[in-house]
Amino acid sequence: GSLVRLELLSHVDTDDRNRKVFLFDRSAERVYKAQSGLITAQAGVALPNHWSPMKRIDGPTTLAGGRNELAVRFESPGEGGVKLAKSYTFTRGSYVIDVKHEVVNGGGAAVTPQLYLGLERDGNPARGESKWYFTFTGPALYTDAKKFEKIDFKDIEKGKTGHATSASDGWIAMVQHYFVSAWLVPAGTPREFRTQKVANNLYAVQMVQPLGEIAPGAGKTHEATLFAGPQEEKKLEALAPGLELV
């Protein structure tokens, strides 16, 4: 259920004019993907996460002529009785992806899950990055209290990031020359911000939100937005406070 390959059809690779720009990718050259899943502090409770196998529910996978939206849905098997469904809705002409998470507790005890929305990337420069001047590549986040914060991969490596860790507003992003991906959720709900080294030369930024207690037989739905595309300032400005600062 992770988004692991995203080709930007309107943007040509500056190093190879015969190919388009790939933002998300999982290849020998690049690891960069959007992920989400559930975690909990409850002892002995396992919940579906981004490693859990998910089945795509039958339906169209191509945006047909005459249609402006395409929804693709994935469902996990129940882990401890808890099921997670993810729906990605793509809109024609837009770099915004609406992402809906649905959690259903089919077990016999209440669960208190948290949903994480993450971006994972290697620390290598983007293709086509200038050799003559510096452009920032790495995670960023925004809160009303601390405003725009860039986080260097080398600081994550050292465990010395110093960024905001909690707020009731804000977003996370992964920034590179000309392009950005960002997870956005409505303001007014609590969230944590986390960065970590996942593996050698592989780093993640996450936004984590509590879903509250879910009783047996009950469910919860969470709506989020994933932007993945060019740094067009006015479009970013309209999506979330401070997003144009990338």
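Reply: Tyrosine 178 is partly exposed, because its relative accessible area is 48% (under 20% is buried, over 50% exposed, in between partly exposed; 1.4 Å probe, protein chains only). The model is predicted, so local features need pLDDT of at least 70 and side-chain atom pairs 80 or more, while totals for chains, interfaces and linings use all residues. Numbering runs from 1 along each chain as its sequence is written, and side-chain values use heavy atoms, without hydrogens or water.

Now the backbone. Phi of tyrosine 178 is near 80°. That is a positive value, and the residue is not a glycine. Tyrosine 178 belongs to the loop between β13 (171–176) and β14 (strands are DSSP E runs of at least two residues, numbered from the N terminus).

Strand β14 covers residues 179–184. Its antiparallel partner here is β17, residues 219–230. Six bridges link β14 and β17 (two strands pair if DSSP finds at least two bridges between them). In this pairing, tryptophan 183 faces leucine 226 of β17.

Valine 104 is 116 residues away from lysine 220 along the chain. Yet the C-alpha atoms of lysine 220 and valine 104 are separated by 6.7 Å.

Asparagine 201 is not a glycine either, and its phi is positive, about 55°. It lies in the loop between β15 and β16. With a relative accessibility of 28%, asparagine 201 counts as partly exposed.

β15 and β16 form it, with two residues between them, and asparagine 201 is in the turn. β15 spans residues 191–199, and β16 spans residues 202–210. The two pair in the antiparallel sense over seven bridges. Glutamine 196 stands opposite alanine 204 of β16.

β15 has another pairing. Strand β12, residues 166–167, joins it in the antiparallel sense. Two bridges hold this pairing. Serine 166 is bridged to glutamate 192 in β15.

Next, the aromatic rings. A pair of aromatic rings is described by the distance of the centres and the angle of the planes. The structure holds seven such pairs (Phe, Tyr and six-membered Trp rings with centres within 6.5 Å; planes under 30 degrees apart are stacked, over 60 edge-to-face, the rest tilted).

One of them joins phenylalanine 24 and tyrosine 32. The centres lie 5.0 Å apart. The planes make an angle of 85°, which makes the pair edge-to-face. How exposed or buried is phenylalanine 24? It is buried, with a relative accessible area of 0%. Tyrosine 32 is buried too, because its relative accessible area is 0%. Tyrosine 178, at 48%, is partly exposed.

Tyrosine 32 has a further contact. The charged end of arginine 121 sits over its ring, 5.6 Å from the centre (Lys NZ or Arg CZ within 6 Å of the ring centre and within 35 degrees of the ring normal). So the ring of tyrosine 32 has phenylalanine 24 as an aromatic partner and the arginine 121 charge over it. Elsewhere, Phe74, Tyr88 and Phe90 form one aromatic cluster.

Note on methods:
Helices (H or I, at least four residues) and strands (E, at least two) are DSSP runs, numbered from the N terminus.
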